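Work through the exercises below with the coordinates at hand. Each task is followed by its solution.

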Amino acid sequence: MSALEYSPYAADCPSRQLLDRIGDRWSVLTIGALADGPRRYSAIATRVQGVSQKMLTQTLRALERDGFVTRTVFPEIPPHVEYELTDTGRSLRAVLVPLEQWAIDHMNGVAEARSGYDSRS
């Protein structure tokens, strides 16, 4: 399939699944946690506050499957595992940085809109 044949607006298009992956909050935050270089699982979990062990494990596996993250096991006792962004993951991170900044810059306005909406209910 060429890029011209993909349409996330089509229900059965795999690009829709990709948008689901990269739009998932845990994926966005995990990719952000890996922006500065390789990290161990515990360092990612510390950085991404509120993520459960199960959800972080699922997210890392999905990001690895989709080619955004690599998992390296170092043959030590105990085993040492690190996760790192691939070139594809770094290119996605470049797109996510402005989105994160937009959320920070517009959170006050969104909070005001929510408050106004909720007060009408």
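The model is predicted: local features need pLDDT of at least 70, side-chain atom pairs count only at pLDDT 80 or more, and totals for chains, interfaces and linings use all residues. Residues are numbered from 1 along each chain as its sequence is written, and side-chain values use heavy atoms, with hydrogens and water left out.

**Exercise 1.** Locate S27 and classify its burial.

Step 1. S27 lies in helix α2; helices (H or I, at least four residues) and strands (E, at least two) are DSSP runs, numbered from the N terminus.

Step 2. S27 is buried because its relative accessibility is 0% (buried is under 20% relative accessible area, exposed over 50%, partly exposed in between; 1.4 Å probe, protein chains only).

Step 3. Setting aside residues up to four places away in sequence, S27 contacts R21, T59 and L63 (contact means heavy atoms within 4.5 Å).

**Exercise 2.** Do the like for W26.

Step 1. Helix α2, residues 25–33, contains W26.

Step 2. The relative accessibility of W26 is 12%, so W26 is buried.

Step 3. Beyond neighbours within four places in sequence, the contacts of W26 are V48, Q49, G50, V51, M55 and T59.

Step 4. For W26 and T59, the C-alpha to C-alpha distance is 6.7 Å at a sequence separation of 33 residues.
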